[in-house]
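User: Can you walk me through this one? I'd like to go through the charged pairs, then the helices.
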Amino acid sequence: MSLIESDLARPPSPEPEVSSCSDAAPWWQGAAIYQIYPRSFQDTNGDGVGDLAGITRRLHHVARLGMDAIWISPFFTSPMRDFGYDVADYRGVDPVFGTLADFDALVAHAHAMGLKVIIDQVYAHTSDLHPWFAESRADRGNPKADWYVWHDPRDDGTPPCNWQSVFGGPAWTWDARRRQYYMHTFLKEQPQLNLHNPAVQDAVLDVARFWLERGVDGFRLDALNHAMHDPLLRDNPPAPADGRLRTRPFDFQLKTYSQSHPDMAAFVQRLRLLCDEYGAVHTVAEIGGDQPQGDRRAYTAGNRGLNSAYGFDFLYAPALTARFVAETLSRWELAPGESGGWPSWAFENHDAPRAVSRWCTPKHHDAFARVKMALLLALRGNVILYQGEELGLVQDEIAFEQLQDPEAIANWPLTLSRDGARTPLPWEDAPLGGFTTDEPWLPLSAENRSRAVAVQEADPSSLLHFTRKLLALRKGHPALRHGMLTEWKADGTLLSFERSHGGQRLRCLFNLAPEPLVLHPPAEGTVLLAVNGATLSTLPAYAALWLSL
């Protein structure tokens, strides 16, 4: 029996003694959430693909980290053209992942270990194999004829407007059965739901209720600001050049009419009211786009909105600089008297390249992974760790013939490969990484296997142990978990801000560069955390200080 397997029956390791946080705040406020990509977490049946039983088997790893919740990416019935984000049955578990009984067992085990369970909800589109779409496309007079976005062609037979899909090409596909075009923001196999239709809203809210009845504690809402369109189908205007390489037709437009419709706020309120029936259910929206902050605030404002939202500020950023972080924080932090919302932050996920590969050179990998983690866990809001981030996994290079990601295949080689961040989690430094007993659906690199859980468990100085320490400090200090963020600023490569709650006040300093910094005057306070050799007078390369004031 391996080290990791033998830990399955053990309770989580006790955390260092720290002051307890206020019980007044809801469980999700300031929570640390661990994202699990089920295809790549743990395979238990030897088919090379992770499954729900594998998540249950490995939950002790998440609990020992000190996480508050898990977010499980889609496991619903799907043809897997977009690996689960093309849902064919919102209430079903795809056989590759197991059964509803496996899901129920997962929820029960997570709750027994003190972990909340958040799952994806995809309301912008379904699979083209969903029964709703089969009925909708049959003719123009059936009960679900208006459940998707259909429209006649222009007089010359071209699509009704110029909208482009994220994955390349027009956001419209001709359907000979209805002799109309249907809209799809992503793949043509992902037809757009007409969320303006009250019957569609009722249907997806009934889906949410189904999972709430099964005990889930929250929802991550996929591509939420893509879920309503302009009914007038007005053309999007061209996007001005901003210096970035345009690899898709989608990049040439401002998405003025194809997303972010103001009526979405009313649907958000309906969802919030449903979740409130079940108590402290957490809702977090994924908000993309070029100008996402308006939607983030609109969807999370007041007591009738969602609890939180996040975007791609850090996920697609080419560099992590003090100035960039300060500017990003400024978009969320509000002046006194303003209403906004509670942010969520992620540096990595299943849609973005691994941050250590984007933001530092290989020789600084270890030091950078620590300062990155210290920064993430010091931010105001919820923090989302993507599986393997606690190990410092790098972006894997996937050969073209091994690519699975439809976006990467369609735009190769000029776009990111999401597959490189979706490779299996290495549990052991072995050829198959302890992930499976057969050929994995994506390859595991030797470099990432060398950072396996078992390897880092055996090394008290590893990033895994360091991450546990940071999470314990965050959970034990109200200023870090619930507190305000103030005094944020960038001074060259030095980023600084303060966190405060009640009588507790902390100052956080980060050197986000490979050159050391001498602090003039030296920092003041009691050192709560020193990262990579930091002192009150010097911050070495990629170093940080958390100070109690």
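Analyst: A cut-off to begin with: buried means under 20% relative accessible area. Also note that this is a predicted model.

User: Fine. Arginine 418 and aspartate 351: buried or exposed?
Analyst: Both arginine 418 and aspartate 351 are buried.

User: What do their side chains do?
Analyst: Arginine 418 and aspartate 351 meet in a salt bridge, at 3.0 Å from N to O. The pair links distant parts of the chain, 67 residues apart. Arginine 418 is in the loop between helix H11 (406-411) and helix H12 (446-449). Aspartate 351 is in the loop between strand E12 (342-346) and helix H9 (355-359).

User: How many salt bridges does the structure hold?
Analyst: The count is 35.

User: What about glutamate 389, which residue is its salt-bridge partner?
Analyst: Lysine 372, with the closest N and O atoms 2.9 Å apart. Lysine 372 is in helix H10 (residues 365-376), and glutamate 389 is in the loop between strand E13 (382-386) and H11. They are 17 residues apart in the chain. Glutamate 389 and lysine 372 are both buried.

User: And arginine 451?
Analyst: Arginine 451 pairs with glutamate 447 in a salt bridge, their closest N and O atoms 3.8 Å apart. Arginine 451 has 16% relative accessibility, so it counts as buried. Glutamate 447 is partly exposed, at 41% relative accessible area.

User: Switching to helices. Which residues of H4 are buried?
Analyst: In helix H4 (residues 131-138), they are Trp132, Phe133, Ser136 and Arg137. They cover an arc of only 115° around the axis, so they lie on the same side of H4.

User: Last one. At what angle do H7 and H8 pack?
Analyst: About 40°, with the axes of H7 (residues 293-300) and H8 (residues 322-332) 10 Å apart. That angle makes H7 oblique to H8.

User: Which residues meet there?
Analyst: From H7, Gln293, Arg296, Arg297 and Thr300. They meet Ser330, Arg331 and Trp332 of H8. By type, the contact of H7 with H8 has one nonpolar, three polar and three charged residues.

Terms used: Residues are numbered from 1 along each chain as its sequence is written. This is a predicted model: local features need pLDDT of at least 70, side-chain atom pairs count only at pLDDT 80 or more; totals for chains, interfaces and linings use all residues. Side-chain values use heavy atoms; hydrogens and water are left out. Axes are lines fitted to C-alpha atoms, for helices over the stretch in contact, and angles run from 0 to 180 degrees between N-to-C directions. Helices (H or I, at least four residues) and strands (E, at least two) are DSSP runs, numbered from the N terminus. Angles under 35 degrees count as roughly parallel, over 145 as roughly antiparallel, 65 to 115 as roughly perpendicular and the rest as oblique. Contact means heavy atoms within 4.5 Å. Ala, Val, Leu, Ile, Met, Phe, Trp, Tyr, Cys and Pro count as nonpolar, Asp, Glu, Lys and Arg as charged, and the others, Gly among them, as polar. Buried means under 20% relative accessible area, exposed over 50%, partly exposed in between (1.4 Å probe, protein chains only). The arc is that of the directions from the helix axis to the C-beta atoms. A salt bridge is a side-chain nitrogen of Lys or Arg within 4 Å of a carboxyl oxygen of Asp or Glu.
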